[in-house]
Amino acid sequence: MASNSAPNEFHVFMLIGIMVTFMVATCDGSFFQDFDLTWGDNRAKIFNGGQLLSLSLDKVSGSGFKSKNQYLFGRIDMQLKLVAGNSAGTVTAYYLSSQGPTHDEIDFEFLGNTTGDPYILHTNIFTQGKGNREQQFYLWFDPTRNFHTYSIIWKPQHIIFLVDNTPIRVFKNVESMGVPFPKNQPMRIYSSLWNADDWATRGGLVKTDWSKAPFTAYYRNFKATQFSSSTSNSDSEWQINELDAYGRRRLRWVQKYFMIYNYCNDLKRFPQGVPLECSH
């Protein structure tokens, strides 16, 4: 991982504008209320009175859950503590998605690695069934030692990925250039822990060590804030809020020191030219 000299102290991430105009509904209940365990039998568990959820993977099966509610724009926060030790071959996925062949999707995927080597945080965005917008990052901390917050802000103007309130990626709406943007399909929250040792770690060269199973990831402090335009403001200020100056500096810091792959720079993959949104 690249070294850095930037300060790591916690700062509150701010958005320019009056946020009260679009915070209309906040949900931070229990996992029992908000989620269904969808697969993996007893490998997915909710405990501590609904305040903690775990997913496990063994050689027979992984596990997963999904939200009971759907969301069309909002902020989603979840704290995760990832599989510790030798997690090579495993993937912990946490994402928003609609359904069907033209689905939209906003992805966090955590690609495991051998003990002592860093996780890779893989992000992607699908619009109308088409993805291929990958950006990958190392993290500036060990995501297996403590819980950390992974957030998605989804507005009609942009999507922002955040880690511990630090923005790591912004995907802007450039429909004016002919690039589809997810804005019409409500999405559920999904998460799963599964075996992907055919590609997850060093392109599939490192396989899952089943002697270390079960592999377990933990979740807590889910919060969903749904956004809606103010009924008294037709200009809908909430739709155009951008990162403030500090947020932009933090974004540049992450992308300078911790980004390890950006599809917009992959000329071998796109010999006819990178996708249109990369020029914006």
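In what order do the eight strands of the open sheet run?

**View 1. The open sheet, strand by strand.** The order is β2-β5-β14-β7-β8-β9-β10-β16, with antiparallel pairing. Pairing here takes at least two DSSP bridges between two strands. At the edges sit β2 (35–39) and β16 (259–262), each of which pairs on one side only. From one strand to the next, the twist averages 15°, using axes that are lines fitted to C-alpha atoms and angles that run from 0 to 180 degrees between N-to-C directions. Before going on, keep in mind that this is a predicted model: local features need pLDDT of at least 70, side-chain atom pairs count only at pLDDT 80 or more, and totals for chains, interfaces and linings use all residues. Residues are numbered from 1 along each chain as its sequence is written, and side-chain values use heavy atoms, with hydrogens and water left out.

**View 2. The whole chain, for context.** The protein chain has two helices and 16 strands; these are DSSP runs (helices H or I, at least four residues; strands E, at least two), numbered from the N terminus. Of its 280 residues, 52% are buried, where buried is under 20% relative accessible area, exposed is over 50% and partly exposed is in between (1.4 Å probe, protein chains only). Take the contacts (heavy atoms within 4.5 Å) with a separation of 6 or more: 69% of them come from residues 24 or more positions apart.

**View 3. Where β9 meets β10.** Strand β9 (residues 120–126) pairs with β10 (residues 135–137) in the antiparallel sense, over three bridges. Look for His122, whose bridge partner in β10 is Gln136.

**View 4. The disulfide.** Searching the whole structure turns up one disulfide, defined as a pair of cysteine sulfur atoms within 2.5 Å. Cys264 and Cys278 form that link, with their sulfur atoms 2.0 Å apart. The link is left-handed, at -80° about the S-S bond. Both cysteines lie in the segment after β16, so the pair ties together parts that are 14 residues apart in sequence. Cys264 is buried at 18% relative accessible area, while Cys278 counts as partly exposed at 21%.

**View 5. Arg188 and its surroundings.** Arg188 belongs to strand β14 (residues 188–195) and is partly exposed, with 22% relative accessibility. Leaving aside residues up to four places away in sequence, Arg188 touches several others, including Asn69, Tyr95 and Leu96. Lys68 is 120 residues away along the chain, yet the two C-alpha atoms are 7.4 Å apart. A polar atom of the Arg188 side chain lies 2.6 Å from the backbone oxygen of Lys68.

How values were computed. A polar contact is a pair of N or O atoms within 3.5 Å; within protein, one must be able to donate a hydrogen and the other to accept it, and residues adjacent in sequence count only if both atoms are side-chain atoms.
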